[in-house]
Amino acid sequence: MNYRHAFHAGNFSDVMKHALCVAMMRMLTRKPTPLFVLDTHAGCGRYDLGAGPAERTGEWRAGIGRLRDDPPDALADYLSVVHGEGLYPGSPALLRAMLRPDDRLACCELHPDDFLALKREFGRDRQVSLHLRDGWEALRALLPPAQKRGLVLIDPPYEAPDEFFRLADGLGAGVSRFRTGVFVAWYPIKHRAPVREFHAAMASSGIADILAVELYLRKPLDAARLNGCGLLVVNPPFGFEAAAPALLGALIDRLGNNEPGQGCRIDRLADE
Ligand SMILES: C[S@@+](CC[C@H](N)C(=O)[O-])C[C@H]1O[C@@H](n2cnc3c(N)ncnc32)[C@H](O)[C@@H]1O
């Protein structure tokens with residue numbers, strides 16, 4: 001448990017993950033039936049980018065910091081949710097901001113300090129339940145929800161060498177319990193090889209309707225750097241596959257540094 005998200009809040013990969021999640025939540029909330037949203041690795045909910053760890057690394061300056069002026073149309077909805085939240089919102093605050101009165105959010109976090117921060121923020125919120133528990137275990141314990149529709153965000157820290165394996169296993173367990181759920185899993189792109197292996201495992205998992213949506217700052221050649229990141233999406237909401245290219249295009253346009261290999265890609269790993 002060394003990873004602390006506060007050092008990385010608002011960086012390019014946070015922005016990519018959150019912008020696409022906001023788009024998916026917007027699509028899901030078009031239908032009136034209630035949603036269940038599960039954030040398996042929640043972090044502390046909100047971050048002060050001008051102080052403490054975030055200020056020390058300054059990673060946010062090359063992320064959300066580049067979207068302050070003249071926001072591109074494709075990101076306007078995401079940015080309006082961010083700006084409506086005061087301190088920079090992590091996934092729990094963003095997801096909470098998009099709930100309607102009958103929707104529910106469950107957040108899991110194992111780090112005691114981050115869990116305390118979540119409690120301060122959402123402890124009295126009747127639409128949010130907080131769990132000081134293992135997010136991988138929650139995929140088994142909290143699914144399926146009573147609501148028949150929902151979104152599950154899986155955003156682990158990738159501290160453990162077998163995290164891609166745990167992710168494939170967790171997705172299998174989660175999807176088998178909640179077949180209609182939208183599952184969104186963030187993954188780092190350092191070298192291409194582990195990502196290729198993960199995609200192959202998912203493509204042969206028997207799970208249907210899988211997209212891999214990726215953003216590259218540069219060629220993934222240096223395993224010591226976060227060269228890009230991806231979201232694996234199972235059961236993407238209607239309209240997401242068509243909307244994703246414009247979102248990714250706007251993101252790379254602002255977040256890229258014109259390095260060789262910069263770009264984005266969308267791969268369908270399994271058909272509907
Ligand atoms: C990448 S951060 C989450 C960021 C957050 N989802 C966001 O977008 O704002 C990963 C979080 O998972 C927590 N964590 C690590 N292992 C966990 C586990 N097994 N179950 C639940 N949370 C865990 C870490 O303490 C960290 O806060």
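This is a predicted model: local features need pLDDT of at least 70, side-chain atom pairs count only at pLDDT 80 or more; totals for chains, interfaces and linings use all residues.

Q: Which residues make the contact of H1 with H3?
A: From H1 come Val15, His18, Ala19, Val22 and Arg26, and from H3 come Asp77, Tyr78 and Val81. By class, these residues divide into 5 nonpolar, 1 polar and 2 charged.

Q: Why are H7 and H8 called roughly parallel?
A: The axes of helix H7 (residues 163-177) and helix H8 (residues 192-203) come within 10 Å, with a crossing angle of roughly 20 degrees. Angles under 35 degrees count as roughly parallel, and the term therefore applies to H7 and H8. The crossing in which H7 passes H8 is right-handed.

Q: Which residues of H7 and H8 make the contact?
A: H7 contributes Phe164, Leu167, Ala168 and Leu171, while H8 contributes Pro194, Val195, Phe198 and Met202. The contact of H7 with H8 comprises 8 nonpolar residues, with no polar and no charged ones.

Q: Is Thr29 buried or exposed, and why?
A: Thr29 has a relative accessibility of 18%. Buried means under 20%, so Thr29 counts as buried. Thr29 is located in the loop between helix H1 (12-28) and strand S1 (35-39).

Q: How do you know that the side chain of Thr29 makes a polar contact with Met25?
A: A polar atom of the Thr29 side chain lies 2.8 Å from the backbone oxygen of Met25. A polar contact requires N or O atoms within 3.5 Å, with one able to donate a hydrogen and the other to accept it. The pair is thus listed as a polar contact. The Thr29 side chain also reaches the backbone oxygen of Arg26, at 3.2 Å.

Q: Which residues is Thr29 in contact with, leaving aside its neighbours within four places in sequence?
A: They are Leu35, Met98, Arg100 and Asp103.

Q: What does Glu85 touch, not counting residues up to four places away in sequence?
A: Glu85, in the loop between H3 and strand S3 (88-89), touches Arg46, Ala93 and Ala97. Glu85 and Ala97 are 12 residues apart along the chain, and their C-alpha atoms are separated by 7.9 Å.

Technical notes: Residues are numbered from 1 along each chain as its sequence is written. Side-chain values use heavy atoms; hydrogens and water are left out. Axes are lines fitted to C-alpha atoms, for helices over the stretch in contact, and angles run from 0 to 180 degrees between N-to-C directions. Helices (H or I, at least four residues) and strands (E, at least two) are DSSP runs, numbered from the N terminus. Angles under 35 degrees count as roughly parallel, over 145 as roughly antiparallel, 65 to 115 as roughly perpendicular and the rest as oblique. A crossing is left-handed if the near helix is turned anticlockwise from the far one by less than a right angle, and right-handed if clockwise. Contact means heavy atoms within 4.5 Å. Ala, Val, Leu, Ile, Met, Phe, Trp, Tyr, Cys and Pro count as nonpolar, Asp, Glu, Lys and Arg as charged, and the others, Gly among them, as polar. Buried means under 20% relative accessible area, exposed over 50%, partly exposed in between (1.4 Å probe, protein chains only).
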